Amino acid sequence: MRQQEREKERKGKNSTQKDMAVGSSSSFAEQSSQPPPYLSPSPNKAPGGWRAVKYILGNETFEKLASMSLIANMTVYLKTKYNMDGMLVVNVINIWSGCSNITSIAGALVSDTYLGRFRTLLFGSISSLLGMATMTLTAGVPELRPPTCTDETNCIEPKSWQMGILFAGLALMAIGAGGIRPCNIAFGADQFDTTTKKGRAQLESFFNWWYFTFTLALVIALTGVVYIQTNISWIIGFAIPAGCLCLSIVIFIIGHHAYIIVKPQGSVFVEMVKVITAAIRKSGLTASGHSFYDPDLHESGSKLSRTKRFSCLDKAAIISDQSELDDQGKPKNDWRLCSVQQVENLKMLIGMMPVWIAGIGCFITMDQQGTIGILQAIQTTKRIGSSFQVPPGWMGLSSMIALAIWIFIYEKIWVPQTRRITGKAKRLSMTQRINIGIVIAIACSLVAAVIEKERRAAALKQGSFESSMSILLLLPQFALSGLVEAFAAVALMEFLTTQLPESMRTVAGAIFFVSLSLASYLNSILVNIVYKMTRKGGKSPWLGGHDLNKNKLENFYYLVAGIGALNFLYFNLFARRFLIVARSDKRESENQQNNEERMLEVA
């Protein structure tokens, strides 16, 4: 009954919705009092579903191809073209990567409050395109870079204004990433009706196919792009990603007619601050003898019931006096009185933090292979056969191949076979996948340590900068890094997106990328602490400088493996309980909603 009423209302407002989809941002403010409709520019076919997702996946594929073409080889570019030593390269890459992810919070705020996900994605893509154009200029104009090193001990450092132009390009790409990353998954999730069992199943498959499609395209394309950058021309190698991003924007715009575009409904981050402020103001109150402000929802989505955990926040919803409400029963001051729904939204987010922290521990290992692992690759024998040179940036491809192979096996072999044998598709639980991801992260660091010890020993034996060890021996540690992402990263993204209410999907995307950001920052802090501590007394540091052969990098990897072991204990002894509680609260909320719908149907 409720779905039929929504469908009639949506069809009746179709012409108004078209204007809203293409109008100025001020039109959103003018209509903010109405229930947030789905904007459907196409009157002939229902928007959303896989019809819309094919454009989103196409856009995401080319956008990731463009961004990863730069990220995969940025370590090599800064090392060889800007003459940066190992410590500076690691710090620049980690800080840039961290900023690219931390801007997701600002992107989510702008998306939820002003622009909506569609426009935020579009403007973010344009900013990234400008950043890539700037990077292409640094490759094409020699004056924008320092002279090439004559040898490893005679390198001219870049000038301040040269670094300024480089950082401007990186900043534009970071700003663009802030608009893209919190919205792309959420915008894809908007295309499915998660109030139905079919919609939830489609959404779960979307997460895996989202990773699979762009990863497969990257494996095919990055082999050529990175090879061109390293062995042919950095100018052409940077121009290709810029062209791919331009194509990504075109595909995204073409698919506009098929999208479900939801109006911005206000920032959840502001709502959270309101809840905390109201709870502090009423810290002296007790729940006994008072009622709670719990109005019905005026928008689509699940209504959350009040839970007992983090009960101190419940005070934000206590009606201490009827004068707090106006004639329509709404709060006069929403910084003093919040709804139960607002309080429960914050509770759910806080309850996810322990699991989120465990994910950060896994991402530190992934992050290191993109910087320190590439520095290892630079100092190996890259020749295969008589003349072919393997670009160091290709090492990241083994991560993507491992990720794609596992997702294909899981979706196309594991799930169908378990359905055929047991009559029900048996999927790995989130707890199982996160645990497997943590174990693989530990194994990745241990394997990297063993391989680095062999690489350095071979280089010192022959007294050369490059080791006689083949670059192909680094493939296992990069492949394990990809499996960490396949298990832990996919599970964490699914956990955040499915457990939070629909109105908080952009927040889920932002939180996921903030975890990547914190992993980058923590990795940079860890690297600098280890460097300063291990070089005391004139000893050889574990890492740092222009030559890894003078370091003891394997000790750093052993340290990271130890941190991973602590993360494993933390997750299983503490954090996994919050994973179970979150799922329990979600089922309780869904059961309550289903009961309400049955009562309406009977009435």
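Hi everyone, thanks for coming. Before anything else, please keep in mind that this is a predicted model.

Let's start with helix H12, which runs over residues 395–422. H12 has 28 residues, and its first and last C-alpha atoms are 39 Å apart, close to the 40 Å expected at 1.5 Å a residue. Even so, if you follow the helix along, you will find a kink of about 35° centred on Tyr-410. Then look just past the end of H12: Gly-423 has a positive phi of about 85°.

While we are on H12, let me point at one residue inside it, Ala-404. Is Ala-404 buried or exposed? Its relative accessibility is 8%, so Ala-404 counts as buried, the cut-off being under 20%.

Next along is helix H13, residues 430–462. With 33 residues, H13 reaches 48 Å from its first C-alpha to its last, close to the expected 48 Å at 1.5 Å a residue. Here too a glycine follows the helix: Gly-463 comes after H13 with a positive phi, near 65°.

Now, how does H13 pack with helix H14, residues 475–499? A quick reminder for this part: two packed helices are described by the angle between their axes and the distance between the axes. For H13 and H14 the angle is about 155° and the axes are 8 Å apart. Angles over 145 degrees count as roughly antiparallel, so that is the label for H13 against H14. The crossing of H13 and H14 is left-handed. As for who takes part, the contact between H13 and H14 has 19 nonpolar, 5 polar and 2 charged residues.

The second pair is made of helix H4, residues 49–81, and helix H8, residues 234–254. Their axes come within 8 Å and cross at roughly 160°. That angle makes H4 roughly antiparallel to H8. H4 and H8 also cross in a left-handed way. Sorted by class, the contact of H4 with H8 has 17 nonpolar, 6 polar and 2 charged residues.

Let me stop for a moment at Phe-206, which sits in helix H7, residues 197–232. Phe-206 has 0% relative accessibility, so it counts as buried. Between Phe-206 and Glu-494 there are 288 residues of sequence separation, but in space their C-alpha atoms are 10.0 Å apart.

Which residue has a positive phi of about 55° although it is not a glycine? That is Asn-83, in the loop between H4 and helix H5, which spans 86–140. Asn-83 is buried, because its relative accessible area is 4%.

The other one is Phe-310, also not a glycine, with a positive phi near 50°. You can find Phe-310 in the loop between strand S3, at 291–292, and strand S4, at 318–319. Its relative accessible area is 28%, which means that Phe-310 is partly exposed.

Note on methods
Residues are numbered from 1 along each chain as its sequence is written. This is a predicted model: local features need pLDDT of at least 70, side-chain atom pairs count only at pLDDT 80 or more; totals for chains, interfaces and linings use all residues. Side-chain values use heavy atoms; hydrogens and water are left out. Helices (H or I, at least four residues) and strands (E, at least two) are DSSP runs, numbered from the N terminus. Buried means under 20% relative accessible area, exposed over 50%, partly exposed in between (1.4 Å probe, protein chains only). The expected span of a helix is 1.5 Å times one less than its number of residues. The bend at a residue is the angle between axes fitted to the seven residues ending there and the seven starting there. Axes are lines fitted to C-alpha atoms, for helices over the stretch in contact, and angles run from 0 to 180 degrees between N-to-C directions. Angles under 35 degrees count as roughly parallel, over 145 as roughly antiparallel, 65 to 115 as roughly perpendicular and the rest as oblique. A crossing is left-handed if the near helix is turned anticlockwise from the far one by less than a right angle, and right-handed if clockwise. Ala, Val, Leu, Ile, Met, Phe, Trp, Tyr, Cys and Pro count as nonpolar, Asp, Glu, Lys and Arg as charged, and the others, Gly among them, as polar.
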